[in-house]
Structures are given as structure tokens and as C-alpha cells.
Amino acid sequence: MKKLFKDWNWFEITLLLLSLIGLSLCFAFTKDRLWLSYIASMIGVISVLAVAKGLVSAPIICIIYSVIYSIISIMQHYYGEAIIYLGLMIPIDVASIVSWFKNRNNENSSTIKINKIHGLEYLYLLIGSIITTVAFYFLLKALNTSELIISTISLKTSVVASYLMLRRCSYYALGFMANDIVLIVLWSMLVVNSGLQFLPSAISFCIFFINDLYGFIHWKIEEKKQNNTNKENKTDEKYIEENTANSENVVLENSNKENISD
């Protein structure tokens with residue numbers, strides 16, 4: 001636990017504490033309490049901020065959250081959400097553990113190298129997400145999923161965000177922010193229809209939205225730092241190569257002079 005929080009700055013600690021306090025107050029003032037929803041929300045906040053920091057350990061926390069969130073979704077017949085998290089998010093989080101561990105930041109091994117993807121990969125992502133969304137729409141419809149259209153949109157945004165997170169692209173946060181908005185609507189409808197015990201889930205996605213926004217800003221700052229470091233390293237390497245080449249030339253010239261003298 002100490003390792004998880006050792007590199008957090010005061011702003012991130014404050015953001016985490018305010019998020020947890022907000023959720024706790026919401027839970028405390030709710031008459032019909034669902035402890036599982038509260039626990040999932042607390043773990044979810046930590047996972048979102050861990051991803052926002054680009055911590056290598058973040059996908060592990062995401063897996064724990066996904067399991068609990070899936071159980072809650074199944075209880076409420078939100079099969080779309082359960083399928084998204086069990087069939088999509090957890091496998092991607094497992095793949096992210098491998099990918100993120102292999103691509104750790106040279107300056108800080110507890111965080112990852114941020115990656116850029118380009119036009120053709122975005123096109124493949126668009127096509128893949130459309131195919132997946134259409135296929136899952138009919139599956140969710142067959143399962144009589146509650147709020148079918150919203151669940152399908154949630155799937156679409158989750159596919160995009162999860163892929164970008166796996167690829168270590170800073171735009172993952174925009175995908176999750178879109179997904180947060182969809183899920184705020186979804187769980188708010190459940191609060192209205194079924195009671196305040198689901199209010200922590202609705203509030204948690206409001207908090208996730210704020211934290212994902214921070215994640216986007218933080219990743220962009222880190223991306224710029226990493227790019228500058230890479231440029232400096234390349235400049236240093238070029239300088240060393242040029243000096244080495246010049247030294248070799250001087251040695252060769254001196255050797256030639258000595259041979260001529262002889």
C-alpha cells in the first residue's frame with residue numbers, strides 16, 4: 001500500500017481524499033445502504049487515480065473493481081455492464097498488466113512510458129468498435145438487458161477507452177470521460193426507479209469524470225516531459241557519436257603523420 005501512494009503529490013492525495021469523503025458522506029446519509037456499491041465506488045476511485053498517474057500496478061486495482069462492479073450490475077439486470085467488465089475490461093486489464101510492465105518509464109519504473117498511436121490504428125479502432133457494438137447490441141437485446149440503448153452506448157465508449165488505455169495513449173481518458181457521462185445517466189435512472197441505495201454508484205461516476213479529466217491533463221504533461229527527455233537523450237547520443245568520430249579522426253591523422261615522418 002505504501003508503494004502505491006509513495007509518489008503521489010499533495011494535489012493527488014487531496015483529490016483522492018475529497019473523492020473518498022464525498023462517497024462516504026453520500027453513503028452515510030443514504031437510508032437504504034448497499035455496502036457492495038459503496039466498496040466498489042471506493043476501489044473505483046483509487047483505480048481511476050492510479051491509472052491517471054500511469055502506475056504500473058493500476059490494472060490490478062482495475063480488475064478488483066471490475067469484479068465487484070459486475071456483481072452489482074448482474075444484481076440489477078444490467079447485463080450489458082456485466083458483459084463489458086467481465087468479458088472486455090478484465091481481459092484488457094490483464095493484457096495491460098503485461099504491456100505496462102514491459103513499457104515502464106526509464107525515469108520512474110513505477111510508471112509507464114506514454115505511447116502515441118497514429119491515423120491507421122484509429123481507423124482500425126473505429127471499425128472494430130462499430131462491429132463489436134452492433135454484435136453486442138443484439139446479444140444484450142436477447143438477454144432483455146435493462147436500458148438497452150444506454151448499455152450499448154456504454155459498451156461503445158468502454159471499448160474505445162479500454163483499447164487506448166492498453167496502448168498507453170493519453171486519449172484513453174477522453175473515452176472514459178464519455179463513458180462516465182453515460183453511466184451517470186444509467187445509475188441515476190436506477191436511483192430514481194429503485195431507491196437511494198444506488199446513489200454512491202451514480203456519485204462515483206461523477207467523481208470518476210473529474211479524476212479522468214485530471215488523468216488526461218496529467219498524461220499530457222508526462223507525455224511532453226518524456227518527449228523532451230527522449231530528445232535530450234538523442235542529442236546527447238549524437239554529441240557523443242560526433243566526439244567519438246572526431247577523436248578517431250584525430251588519432252588517424254596523427255597516425256598518418258607519424259607514418260609519413262618515418
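**Salt bridges, a kink and a greasy patch**

Reader: Hi! How many salt bridges are there in this one?
Author: The count comes to 4 salt bridges, and bear in mind that this is a predicted model.

Reader: Nice. What does Lys53 pair with?
Author: Lys53 forms a salt bridge with Glu12, with the closest N and O atoms 2.9 Å apart. The two come from distant parts of the chain, 41 residues apart: Lys53 is in the loop between helix H3 and helix H4, and Glu12 is in helix H2.

Reader: And is Glu12 buried or exposed?
Author: Glu12 counts as buried because its relative accessibility is 1%. Lys53 is buried too, at 10%.

Reader: What about Glu121, who's its partner?
Author: That would be Arg167, at 2.6 Å from N to O. Glu121 lies in helix H6 and Arg167 in the loop between helix H7 and helix H8, so the pair ties together parts 46 residues apart in sequence. Arg167 is partly exposed, with a relative accessible area of 26%.

Reader: Which helix holds Glu222 and Lys225?
Author: Both lie in helix H9, 3 residues apart, or about one turn.

Reader: Switching topic: where is the kink in H5?
Author: At Met89, shortly before Pro91, and the angle is about 35°. Helix H5 has 24 residues and reaches 34 Å from its first C-alpha to its last.

Reader: Last one: which residues make the nonpolar surface patch?
Author: Among them are Leu120, Tyr124, Ile131 and Phe138, in a patch of about 900 Å². Phe138 is in helix H6 and counts as exposed because its relative accessible area, 54%, is over 50%.

Notes:
Residues numbered from 1 in each chain as written. Predicted model: local features only at pLDDT ≥ 70, side-chain atom pairs only at ≥ 80, totals over all residues. Heavy atoms only, no water. Helix = DSSP H or I, 4+ residues; strand = E, 2+ residues; numbered from the N terminus. Expected span 1.5 Å × (residues − 1). Bend = angle between axes of the 7 residues up to and from the residue. Patch = residues over 30% accessible without salt bridge, like charges linked within 9 Å, V, L, I, M, F, W, Y side chains within 5 Å. Areas by Shrake-Rupley, 256 points an atom, 1.4 Å probe, with all protein chains shown as cover. Salt bridge = Lys/Arg side-chain N within 4 Å of Asp/Glu carboxyl O. Buried < 20%, exposed > 50% of the residue type's maximum accessible area, 1.4 Å probe, protein only.
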